[in-house]
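Here's a quick walk through a structure, one region at a time. Take a look at the model first, then read on.

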Amino acid sequence: MKLTIIGCWGAYPGPGGASSGYLVENGDGGESLLLDCGSGVLSKLYEYTNLNSLNNIVLSHYHSDHIADVGCLQYAAKVQMSLNERSVPLSFYGHTLSDSFNNLTYEDAAIGIPYKEGVPVAIGPFTLNFKAATHPAPAFALRIESGGISLGYTGDTEWDDNLIEFFKDVDLLLCESSLYNKFKGMVEGHLTAGEAGILARRANAGELILTHLPHFGDHSELLAEAKQEYIGKISLAFGGLIWES
Ligand SMILES: [Zn+2]
Ligand SMILES: [Zn+2]
């Protein structure tokens, strides 16, 4: 399994970057997945894949920093289909706890496909499972398995004991780390770096990548705070980071 960080910023993109977007491939040129499609993701995506080989987008929730480029991607598919450069519509996987799901289907270029907790979804070589997260808007964490390798992605969430079991023994935990420890309890819906470390430790994750990064402070402090809780390998996400297993 190969993960490429397309964008790692929380809330809005930093200069030349993108908010949430993560490309998951199987290394065999088959079906790939884009997890979330925030602001700047479409522009950065060209650096890592041929847009016409991307068919599946999985959305953790409908906050703008996770879906801002959905409309542009739908329109890109429409244009490319009219140019005969794309033959199949995009599949957007989303939850149905919000009317925003209805925006995922667009003419003949994009189809919204519902997911829900407890029902696995197969996409190409990948099996996805979903777990409700704790966030001001309905949001889901994802667990992706392929070829015996597992990837956990928190999406946006505050501390939630249910995620420990959900992410049990994942090879990689891609965990939101929006907050420095000193902000614990002050911002609802997000994790501190220390909590990301605790989640990785208690879930027995093989490796941890901190993402959904804040626009202030020194990110090396996030790393240090997570390291106080988890002894495995920890990385800070950046656009272009590749993890492979
Ligand atoms: Zn977010
Ligand atoms: Zn959010």
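## Starting with a salt bridge

E145 is partly exposed, with 28% relative accessible area (partly exposed covers the range between buried, under 20%, and exposed, over 50%, using a 1.4 Å probe and protein chains only). E145 forms a salt bridge with R143, and their closest N and O atoms sit 2.5 Å apart. A salt bridge here is a side-chain nitrogen of Lys or Arg within 4 Å of a carboxyl oxygen of Asp or Glu. R143, for its part, counts as buried at 13% relative accessibility.

## Ground rules

This is a predicted model, where local features need pLDDT of at least 70 and side-chain atom pairs count only at pLDDT 80 or more, while totals for chains, interfaces and linings use all residues; side-chain values use heavy atoms, with hydrogens and water left out. Residues are numbered from 1 along each chain as its sequence is written, and chains are lettered from A and ligands numbered from 1 in the order in which they are written.

## Zinc ion, ligand 1

Which residues hold the zinc ion (ligand 1)? Its protein donors are D65 (OD), H66 (NE2), D156 (OD) and H212 (NE2), at 2.1 to 2.2 Å. Donors are N, O and S atoms within 2.8 Å of the metal (3.2 Å for Na, K and Ca), and water is not among the atoms, so sites may look incomplete. Along the chain, the donors of ligand 1 follow the spacing D-H-x89-D-x55-H.

The angles among the 4 donor atoms of ligand 1 run from 88 to 163 degrees, and the site is irregular. For the record, four donors are tetrahedral if all angles lie between 85 and 135 degrees; four are square planar and six octahedral if opposite donors are over 155 degrees apart and all others between 65 and 115; anything else is irregular. D156 sits in the loop between strand 10 (149-153) and helix 4 (162-166), and H212 in the loop between strand 12 (207-211) and helix 6 (219-227), so the pair ties together parts that are 56 residues apart in sequence. Helices (H or I, at least four residues) and strands (E, at least two) are DSSP runs, numbered from the N terminus. D156 is buried at 2% relative accessible area, and H212 is buried at 5%.

## Zinc ion, ligand 2

The zinc ion (ligand 2) has H61 (NE2), H63 (ND1), H135 (NE2) and D156 (OD) as its protein donors, lying 2.1 to 2.4 Å from it. Where does ligand 2 sit relative to the zinc ion (ligand 1)? The two ions are 3.6 Å apart, and D156 coordinates both. H63 lies in the loop between strand 4 and helix 2, and D156 in the loop between strand 10 and helix 4, so this pair ties together parts that are 93 residues apart in sequence.

The arrangement around ligand 2 is irregular because its 4 donor atoms subtend angles of 91 to 165 degrees. In sequence, the donor residues of ligand 2 are spaced H-x1-H-x71-H-x20-D. H63 is partly exposed, with a relative accessible area of 29%.

Helix 3 (residues 70-82) has 13 residues and reaches 19 Å from its first C-alpha to its last, close to the expected 18 Å (1.5 Å times one less than the number of residues). Its buried residues are V70, L73, Q74, A76, A77 and Q80. They cover an arc of only 155 degrees around the axis, which puts them on the same side of helix 3; the arc is that of the directions from the helix axis to the C-beta atoms. These buried residues pack against several elements, including strand 3 (33-35), helix 1 (41-45) and strand 5 (90-94), with contact meaning heavy atoms within 4.5 Å. After helix 3 comes N84, whose phi is positive, near 60 degrees.

In helix 6, the buried residues are H219, L222, L223, E225 and A226. Their arc is only 165 degrees around the axis, which puts them on the same side of helix 6. They pack against helix 5 (193-202), strand 12 and strand 13 (233-236).

## Back to the salt bridges

How many salt bridges are there? The count comes to 7. One of them joins K131 to E117, with the closest N and O atoms 3.3 Å apart. K131 lies in strand 8 (residues 126-132) and E117 in the loop between strand 6 and strand 7 (121-123), so the pair ties together parts that are 14 residues apart in sequence.

R201 and E229 also meet through their side chains in a salt bridge (3.0 Å, N to O). R201 is in helix 5 and E229 in the loop between helix 6 and strand 13, so the pair ties together parts that are 28 residues apart in sequence. R201 counts as partly exposed at 43% relative accessibility, and E229 counts as partly exposed at 26%.
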